[in-house]
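Hi,

Here is the structure I promised to pass on. Have a look at it first, and then read on for what turned up.

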Amino acid sequence: MKTSWRSASLVVSAAAVLALTTACGQDGGTTTGSQNVGATAAPGDVGDIGAGAGEGLGTGADGAQASASAAEPAGKLSVSTNAEIGELVTDGAGRTLYRFDADTAKPPKTTCENDCATAWPPVAADDALAGEGIDKALLGEVTRADGTKQLTIGGWPAYRYAKDTAAGDVKGQGVGGKWYALAADGKKAQAAESAALSTREDPKLGEIVVDKNGMTVYRFMKDEAWPKPVSACTGACLEKWPVVAPVEPGDTEGVVKKDLMTFTRPDGAEQQTVDCWPIYTFAGDKKAGDTNGQGVGGTWYAVSPDGKPVGAPKK
C-alpha cells in the first residue's frame with residue numbers, strides 16, 4: 001500500500017510550506033491460527049440481530065423467502081475480482097459469500113439465526129470444494145442449532161445474501177456495518193487503497209483526474225494559478241464544490257507532478273492544485289465515474305493529467 005498523506009501529515013505540511021514559497025511555473029514547485037474443521041460451537045444469543053433489529057437482517061427488510069434449513073450447496077469455490085471490493089470468494093454458481101462481524105472464527109461460531117438466516121442464508125458445507133485460488137486447508141464447518149453443517153472459511157461461517165440475485169452481485173457488502181464479502185483467507189474482502197490522485201479513461205472526456213475514491217476532479221474557470229493559486233469558489237459555492245485536500249506527490253499516479261502543489265485559502269484551509277490550478281470535486285457526483293459537474297455554468301470542467309480543463313471553450 002502506498003504511503004498516504006493521512007499517515008504522513010508532517011510531510012504534507014512541509015510540502016505545503018515549500019509550495020507556498022515557490023511561485024507557480026517555477027522548477028521545484030512540485031510538491032491465523034489452525035482451522036477447526038467440523039467444530040461444534042453452539043450458536044450464541046441472537047436476540048439483538050434477529051427480526052426487527054434493522055441493518056437489513058429481517059425478512060421485512062429484504063422480502064427474502066429463503067429458508068435457512070434449505071441451504072444451497074456451495075459447489076466448487078473460487079476467487080473472483082470486483083472492481084470496488086477486490087478479490088472475494090464465490091460459490092459454484094458465482095454467488096458472493098459473506099461473513100458476519102457478530103460471528104467468531106476462533107472457535108467458529110454462528111450467531112445468525114431465524115429471520116437473520118432468511119436474509120443471509122448459510123452456505124452448506126457438505127459439498128464445498130476448493131477451486132482455483134482457494135486453500136482447502138482453510139475450509140471447515142460449524143454445526144448450526146438445527147444440526148446442519150455450515151461452511152467456514154478461515155474459521156468464519158459463510159453466508160449468501162438474499163438480495164444478490166445474479167452471479168457477481170455484491171449488494172451485501174457493508175450492510176449494517178457488519179456484513180462483508182469473504183476473502184480467500186477468511187478476512188474481509190477489500191480493494192487495495194487507491195492513489196490519492198490518479199487518472200481514468202472516461203468514454204466521453206478521455207483521460208481525466210480522479211481522487212482516491214474515483215470521484216471526478218474539476219477546475220473552476222474563474223480561479224487563478226499564476227503567480228499564485230487563488231480560488232474564486234467561496235461560501236455557498238464550496239457546498240457544491242468541495243475542495244480537494246492536500247496530497248503527497250508520491251501518492252499520485254498518472255498526474256503531472258510539476259506544479260503539483262498546495263495553497264492556503266482565505267479561511268485557512270489547505271487546497272490541492274494540479275499545474276497550480278485549484279481542484280475540486282462535485283457534490284452532484286454520487287458515485288465513482290460520474291461527471292455531472294462537467295460544463296456546469298460554462299465554468300466547471302474535468303481536469304486533464306497536466307491540469308488543463310477538459311472540453312472548455314478555447315479562448
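A quick definition before the cysteines: a disulfide here is a pair of cysteine sulfur atoms within 2.5 Å. Keep in mind as you read that this is a predicted model.

**Disulfides**

The structure has three of them. Counting the bonded cysteines along the chain, the pattern is 1-6, 2-3, 4-5.

Let me start with Cys112 and Cys116, whose sulfur atoms sit 2.0 Å apart in a disulfide. The torsion about their S-S bond is about -110°, so this disulfide is left-handed. Cys112 and Cys116 are both buried.

Cys24 is bonded to Cys276, with 2.3 Å between the sulfur atoms. This link is left-handed too, with -110° about the S-S bond. Both Cys24 and Cys276 are buried.

That leaves Cys233 and Cys237, joined by a disulfide with an S to S distance of 1.9 Å. The torsion about the S-S bond of Cys233 and Cys237 is about -110°, so the disulfide is left-handed. Are the two cysteines buried or partly exposed? Cys233 has 0% relative accessibility and therefore counts as buried, whereas Cys237 is partly exposed, with a relative accessible area of 23%.

**Salt bridges**

In general, side chains of opposite charge can pair when their charged atoms come close. The count for this model comes to ten salt bridges, and here are some I looked at.

Asp101 forms a salt bridge with Arg99, and the closest N and O atoms are 4.0 Å apart. Arg99 is buried, at 7% relative accessible area, while Asp101 is partly exposed, at 30%.

Asp101 also pairs with Lys188, where the closest N and O atoms are 3.2 Å apart. Which parts of the chain does this pair tie together? Lys188 lies in the loop between strand S10 (179–181) and strand S11 (197–202), and Asp101 in the loop between strand S3 (98–100) and strand S4 (104–105), so the pair connects parts that are 87 residues apart in sequence. Lys188 itself counts as partly exposed, at 33% relative accessibility.

Another salt bridge runs between Arg144 and Glu113, with the closest N and O atoms 3.1 Å apart. This pair links distant parts of the chain, 31 residues apart: Arg144 is in the loop between strand S7 (139–143) and strand S8 (149–153), and Glu113 is in the loop between strand S5 (108–109) and helix H3 (115–119). Arg144 is buried, with a relative accessible area of 4%, and Glu113 is buried as well, with 13%.

Going back to the Asp101 pairs, salt bridges that share partners join Arg99, Asp101 and Lys188 into one network.

**A sheet**

There is also an open sheet of three strands, in the order S2-S1-S6, with mixed pairing. Its edge strands are S2 (86–90) and S6 (129–130), each of which pairs on one side only. S1 (residues 76–82) pairs with S6 in the parallel sense, over two bridges.

Over to you!

Cheers

Notes: Residues numbered from 1 in each chain as written. Predicted model: local features only at pLDDT ≥ 70, side-chain atom pairs only at ≥ 80, totals over all residues. Heavy atoms only, no water. Pairing = 2+ DSSP bridges. Helix = DSSP H or I, 4+ residues; strand = E, 2+ residues; numbered from the N terminus. Buried < 20%, exposed > 50% of the residue type's maximum accessible area, 1.4 Å probe, protein only. Salt bridge = Lys/Arg side-chain N within 4 Å of Asp/Glu carboxyl O.
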